[in-house]
Amino acid sequence: MPKIKWAGVVQNTADYQGSILPATAIKLDMPDTMGEMMLKAVPFLIPSFVIIVFSMVFKTLSAGQPVIAPLYVVFGFLLSFFIGIPVHELLHAIVYPKEATVYIGIMPKQFTAVALASYPVSRNRFILMSLLPLVLGVIPLIIFLISPETNRALNGVMFGLMIMGLTSPYPDYFNVYQVLKQTKKGCLLQFEKDDLYAISLSNLK
């Protein structure tokens, strides 16, 4: 487990992601700012919304009656916002090796939380780091689908948790797509300032 530090309010992500890169590091073609990245990542919300809508339609049609209590959906959503978002960033952080330091903080202007680190990790580990918070949506989805249709309170809470859990990682989906598109197996990935770099192990030998 890495060293995890609370950074508080983060104004500039580059302040927490600085280290020495090898000469072989190649910068990936990524958006210049966090805001631009989040905007370009919006299409990656579509699969999540499809899953959310399909799960509700499927369960409602199967039951032949409403299966959620709307007030509990709001409760689940708020629970996910105040508890799920910090856990989301913690799940990003714990994937890093024990030698790494990860800073967790909030960015008020972007209305988001961040886990920041500048440490080389394998391509597979980077993908795991990016997608691990998805469990916060998958677990409520499974509970929602298998719970009794008459338990409208539980279904409502799970549906609210599922909405946030499946949609909040959409910038991470974008990052994984770019890594799969722009890098090859066997490389390392490392954040440096506001950029993401690929490091070829073969070039280091």
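**A close look at the largest pocket**

Mentor: Let us begin with the element that stands out here: helix 3 gives the most to the lining of the largest pocket, with seven residues. Please keep in mind throughout that this is a predicted model. The largest pocket holds about 950 Å³ of space. Its lining is made up of 44 residues, and those closest to the centre of the pocket are M34, M37, A113, V114 and P171. When the lining is sorted by class, 22 of its residues are nonpolar, 16 are polar and six are charged.

At least two residues each are supplied by helix 1 (34-40), helix 3 (70-94), strand 4 (112-116), helix 4 (123-131), helix 6 (152-167), helix 7 (170-182) and strand 7 (195-200).

Helix 7, which is among these contributors, deserves a look of its own. Its 13 residues reach 18 Å from the first C-alpha to the last, which is close to the 18 Å expected at 1.5 Å a residue. The residues of helix 7 that are buried, with under 20% relative accessible area, are Y170, P171, D172, Y173, F174, N175, V176, Q178 and V179.

Strand 7, another contributor to the lining, leads us to a sheet. This is an open sheet of four strands, in the order 2-7-6-5, and the pairing is antiparallel. Strand 2 (26-27) and strand 5 (121-122) are its edge strands, each pairing on one side only. In general, the strands of a sheet pair through backbone hydrogen bonds, in either a parallel or an antiparallel way. Strand 5 and strand 6, the latter covering residues 187-192, pair in the antiparallel sense over two bridges, and L188 in strand 6 is the bridge partner of S122.

The C-alpha trace spans about 65 × 35 × 30 Å along its principal axes, and buried residues make up 44% of the 205 residues. Among contacts between residues at least 6 apart in sequence, 80% join residues at least 24 apart.

Terms used: Residues numbered from 1 in each chain as written. Predicted model: local features only at pLDDT ≥ 70, side-chain atom pairs only at ≥ 80, totals over all residues. Heavy atoms only, no water. 1 Å grid on protein atoms, 1.4 Å probe; cavity = no way out; pocket = protein on both sides within 12 Å on 5 of 7 lines; lining within 4 Å. Points joined across faces, edges and corners; volume = space filled by probe spheres on them. Nonpolar A, V, L, I, M, F, W, Y, C, P; charged D, E, K, R; others polar. Expected span 1.5 Å × (residues − 1). Buried < 20%, exposed > 50% of the residue type's maximum accessible area, 1.4 Å probe, protein only. Pairing = 2+ DSSP bridges. Contact = heavy atoms within 4.5 Å.
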